[in-house]
Amino acid sequence: MAINAEQLREYVIRPALKRVDLWSPAAEDLLLGTAAHESAMGTYIKQIKGPALGIYQIEPATHLDIWENYLKYKTGLRDKIIATIPPMLRNTRQGFERRGEHSMLITDLAYATIMARICYLRAPTALPPEGDLQGYAAYWKQYFNTPLGAGTEQQYAAHFQKYIA
């Protein structure tokens, strides 16, 4: 069963991104489209025959790379993200602040949303303009799925239309 897109937008994506100062209408739409395409809007929380996790299907290696090679150098952003993590998880996992906890990509929608946004934040170009579905699809393909990934811009756009539009 899919997650309702408007509820995901209003109760997860927008508040999570605003909490870490990464919100924009385009970022919100791009992440909705990413969830729509990657997991059929939350139908799958673990990749079939693969390692990717959560509604955005982030691979543990990518998650680790975010912590070790990006957030390590973005201390202000890192501290904002750590502040969103429940203290019991922060305190019981040695080294959490350095490498994250992969299971949170499944169990914590806000955390997974922030990590997906950071996947895009690391891209060298700005987000597409708000409402540009083809721009979102191309951006997703280039920076989230990658040119070598199996997904296509057409699939992204079709899933966006199916679950969000």
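## The nonpolar core

Let's start in the middle: the largest nonpolar core has 49 residues, and Y56, L71, I81, M115 and I118 touch the most other members. Such a core is a set of buried Ala, Val, Leu, Ile, Met, Phe, Trp, Tyr and Cys residues joined through side-chain atoms within 4.5 Å. Two or more residues each come from several elements, including helix 1, helix 2 (25–39), helix 3 (60–71) and helix 4 (75–84). Helix 8 gives the largest share, 8 residues. Helices here are DSSP runs (H or I, at least four residues), numbered from the N terminus.

This is a predicted model, where local features need pLDDT of at least 70, side-chain atom pairs count only at pLDDT 80 or more, and totals for chains, interfaces and linings use all residues. Residues are numbered from 1 along each chain as its sequence is written, and side-chain values use heavy atoms, with hydrogens and water left out.

## Contacts of L71

Setting aside neighbours within four places in sequence, L71 is in contact (heavy atoms within 4.5 Å) with I66, L77, R78, I81, M115 and I118.

I13 sits in helix 1 and counts as buried because its relative accessibility is 0%; buried means under 20% relative accessible area, with a 1.4 Å probe and protein chains only. Beyond four places in sequence, I13 touches L8, E28, L31, L32, Y56 and T113.

R9 is also found in helix 1 (residues 5–19), and R9 counts as buried at 12% relative accessibility. The R9 side chain makes polar contacts with the side chains of E28 (2.7 Å) and D29 (2.9 Å). A polar contact is a pair of N or O atoms within 3.5 Å; within protein, one must be able to donate a hydrogen and the other to accept it, and residues adjacent in sequence count only if both atoms are side-chain atoms.

Terms used: Buried < 20%, exposed > 50% of the residue type's maximum accessible area, 1.4 Å probe, protein only.
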